[in-house]
Amino acid sequence: MEPKRHITGIETASILVSTIIGVGVLPLPLFAVNAGDSGAPLITFVAALCATVGVALVAVLGMRFPDQTIVQYGETIIGKWPGRLGSLLVIGFFAVLTSLTAREFGEVVVTAVLKKTPVEVTVIVMLLLAALSVRNNMTTFSYIHYFYFPLLLFPALFIVALSLKNADVQNILPIWGNQPVGVARGVITITALFQGSFILTTVIPHMRRPEFAMRASMVGMLVAGGLYIIIVTATVSVFGAEETKKLLWPTLELAKATSLPANVLERLDAAFLAVWVTAVFTTLLSSYFLTIQSASQLLRLKDHRMFSFFLLPFVFVMAMQPQNIVQMYQIIELVGRFGLYITIAYPALLLVVSILRKKRGERVDDRSNP
């Protein structure tokens, strides 16, 4: 029998990073400059802080209930039926988030690479890959993220570092923006890009040392938030705020404008897309895993695997609802803003009520762990 507790703090941090860094990397600088102009890096920094608050709430809850997920301790804290309603909202939101992630992936692929391939094909292929992968247990899930973590982080940092040779510091001045508009909306939109960190609610019960959840989550948010800030800073410093506003996927254009020394490779967009596809897979894996795990726990099932293909048609249908890229991003922004009530407000409510009612879970030690 598999030991229940096996995930280390490093693995937890890697799960957070590889989940957060995903499909949203491409339009991230566009969201930031639309809100803050040259102050885009500052907007991204504020958004990362807001997202960190949400992760901290989840980490504190996880440490109070080290053997339970949010589906389980939600019922303990606020009651059976309110807790189940909250769990249904979590399941529904991450099912929609999974579908939108797959659709955005499909749009990028058919626009930038496979121009004659129907978007339905790319979407269903990625969803099938995720559905097959989530049938594994938590050990394999954590190993997948841990394996891909360096393959995502270091190439991304390398490409961004090479792009800085074309940077102009004047493009990111003033740092607070030149007549910024919609700052609050921009912060909310970028904060929503961190919502994959909610996977922490499922990971903590499997950590060897749940009391280290806060430390691991802060490390993960520092790495992911730092990378987002670096990407936005590099993009704006290379293209300028006004030019960035004209680009659909500024990060991809940044990779196209970057080359290796001595022109060994004149464009790095192909290498970047390879890394990005892996990042999309790990993000999709986490959101779909969270969806089916939560659904199986809500229905008191011992095995989550039956949901992996059962939910797939519903997720695919939702993914194909947007009529075009413009409508897709409008829906993504709306869903992202609504999701903050689930990923930040709901954990905050649970934490306050658990403190007032003095609710706390008891940890059952797993002696079989090394």
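Q: Which residues are linked with Asp37 in a network of salt bridges?
A: In this predicted model, Asp37 belongs to a salt-bridge network together with Glu242 and Lys245.

Q: And how many salt bridges turn up in the whole structure?
A: A search of the whole structure gives nine salt bridges, and among them is one between the side chains of Arg337 and Glu333, with an N to O distance of 3.5 Å.

Q: Where do Arg337 and Glu333 lie?
A: Both are in helix α16, four residues apart, which is about one turn of the helix.

Q: Is Glu333 buried or exposed?
A: Glu333 counts as buried, because its relative accessibility is 19% and the cut-off for buried is under 20%, whereas Arg337, at 24%, counts as partly exposed.

Q: What about Lys256 and Glu253?
A: Their side chains meet in a salt bridge at 3.6 Å, N to O, and the two residues are three apart in helix α12, so about one helical turn separates them. Lys256 is partly exposed at 31% relative accessibility, and Glu253 is partly exposed at 27%.

Q: Changing topic, how many cavities of 30 Å³ or more are there?
A: There are four cavities of that size, and the largest cavity holds about 370 Å³ of space.

Q: Which residues lie nearest the centre of the largest cavity?
A: Of the 28 residues that line the largest cavity, Val23, Leu97, Thr101, Ala192 and Leu193 lie nearest its centre.

Q: How does that lining divide into nonpolar, polar and charged?
A: The lining of the largest cavity has 14 nonpolar residues, eleven polar and three charged, and helices that each supply at least two of its residues include α5 and α16.

Terms used:
Residues are numbered from 1 along each chain as its sequence is written. This is a predicted model: local features need pLDDT of at least 70, side-chain atom pairs count only at pLDDT 80 or more; totals for chains, interfaces and linings use all residues. Side-chain values use heavy atoms; hydrogens and water are left out. On a 1 Å grid over the protein atoms alone, a cavity is a set of points where a 1.4 Å probe fits but cannot get out, and a pocket is an open set with protein on both sides within 12 Å along at least five of seven lines; lining residues have an atom within 4 Å of a point. Grid points are joined across faces, edges and corners, and a volume is the space filled by probe spheres set on the points. Ala, Val, Leu, Ile, Met, Phe, Trp, Tyr, Cys and Pro count as nonpolar, Asp, Glu, Lys and Arg as charged, and the others, Gly among them, as polar. A salt bridge is a side-chain nitrogen of Lys or Arg within 4 Å of a carboxyl oxygen of Asp or Glu. Buried means under 20% relative accessible area, exposed over 50%, partly exposed in between (1.4 Å probe, protein chains only).
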